[in-house]
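Visitor: Hi, could you walk me through this one? I'd like to start with the pockets.
Guide: Happy to, here it is.

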Amino acid sequence: MIYITVKQSPMYHQMSLEEFLFQKDPQIQYVNMNLTNTRTYEVEAVTDYMQRKLGINPERLRMRLAEFNARTEALRKRPRHELYREFHIPKKSGGLRKIDAPEPELMDALRELKRIFEEDFKALYHTSAYAYIKSRSTLDAMKRHQANESKWYAKYDLHNFFGSTTLDFLMRMLSMVYPFSAVMETEGGWTALHDALELAMLDGGLPQGTPISPMITNIMMIPVDFKLANAFRNFENQRFIYTRYADDFQVSSRYDFSFRDVEKLIVDTLASFGAPFTINSAKTRYGSNAGRNWNLGVMINKDNQITVGYQKKRQFKAMLASFVMDYKNGIRWEKNDIQVMEGYRNYYHMVEGKTIDDIIEHIDEKFGVNVLRMIKEELGALGALRATR
């Protein structure tokens, strides 16, 4: 089977005659303004007519890859580890995550390959995927579950998702994803794609820290996401919502369900595609929104509201108060500390706008200040000071 993914057109509201006649400025009303949604079709074969309609010329794509491979030939001859800087960052769950950051020359090459996939191949993602996609976030993923008014949630984590993704598996998955499948059928196309992707690999897997690894995982997971999303529409006589954020699977329903049966469906689906990774059962979580229902850093509570949680809001309020008091006492925070605080404010406001506005208003009234203006002025002053050094 071949999987074709296209951008989903917005759904329109059919305006009534009354709306048209009596609106001062009649406009089309969108039911769904989320232009990041996609639709994936499963077909047995892609016809010439389909290719013309989709505007794809597989031979031209093969030539683009061949040209890229020729330009990057010198990089392939160098030991791969010479082209990376390795460092570690802390995980939220504890421990350290290894990051392999490409050196500038390789970084430029991988960015170019990413552009080729985006612009020439028009590569997309299944609509259930939310990680590493412009205008999509963890919050958008959880809104899918919120819209269903789900009560019960299960979270599944893939073990060593990036590192286990071999080139062989990647090529096998792309042979089912259009237009990569069409390119692989042209003379020399399989080799051209293989060589281009090989430049993105390190130690037999996809390194974390490159500009193209996240995009590659979303493309290769299209068949898996398609199968799971379809299966969950009516699994065990129940409708489930399925989303994936990188290696995290979220599955929810309005009703209690066997999370182990759901896990088995995911494991069996991955196995059917010969995936080199599977579920890390030790990290599986299941519960209802009547308890501590945390997913992707936010919680959907019993009132079906998405929240960052009382504890985080309390800590943020204390952080703002400390910033203002230090400022009044002539103690200036480091720029990085202010940026971290501002990052929390922006994210928390995206999740709970009114609550965060109320916290800001409380701080302003309590200390007789305009804290947002203070933050802006401090960041501007620190930036100007650094520029003069």
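Visitor: How much space lies in the second largest pocket?
Guide: About 610 Å³. The volume is the space filled by probe spheres set on grid points joined across faces, edges and corners. A pocket here is an open set of points on a 1 Å grid over the protein atoms alone, where a 1.4 Å probe fits, with protein on both sides within 12 Å along at least five of seven lines; lining residues have an atom within 4 Å of a point.

Visitor: Before we go on, what kind of model is this?
Guide: This is a predicted model, where local features need pLDDT of at least 70 and side-chain atom pairs count only at pLDDT 80 or more, while totals for chains, interfaces and linings use all residues. Residues are numbered from 1 along each chain as its sequence is written, and side-chain values use heavy atoms, with hydrogens and water left out.

Visitor: Thanks! Which residues lie nearest the centre of that second largest pocket?
Guide: Thr 127, Ser 128, Arg 144, Arg 233 and Arg 239, out of 23 lining residues.

Visitor: And which element gives the largest share of the lining?
Guide: H12 does, with four residues.

Visitor: How does the lining divide into nonpolar, polar and charged?
Guide: Eight are nonpolar, 10 polar and five charged. Ala, Val, Leu, Ile, Met, Phe, Trp, Tyr, Cys and Pro count as nonpolar, Asp, Glu, Lys and Arg as charged, and the others, Gly among them, as polar.

Visitor: Switching to rings: how many aromatic pairs are there?
Guide: The count is 22, taking rings of Phe, Tyr and Trp (its six-membered ring) with centres within 6.5 Å; planes under 30 degrees apart are stacked, over 60 edge-to-face and the rest tilted. One of the pairs, Phe 316 with Tyr 348, is edge-to-face, at 5.8 Å centre to centre and 85° between the planes.

Visitor: Are Phe 316 and Tyr 348 buried or exposed?
Guide: Both Phe 316 and Tyr 348 are buried, meaning under 20% relative accessible area, with exposed over 50% and partly exposed in between (1.4 Å probe, protein chains only).

Visitor: What sits over the ring of Tyr 130?
Guide: The charged end of Arg 136, 4.1 Å from the ring centre. The rule asks for NZ of Lys or CZ of Arg within 6 Å of the ring centre and within 35 degrees of the ring normal.

Visitor: Last one, where is the cis peptide bond?
Guide: It joins Tyr 178 and Pro 179, with omega about 10°.

Notes. Helix = DSSP H or I, 4+ residues; strand = E, 2+ residues; numbered from the N terminus.
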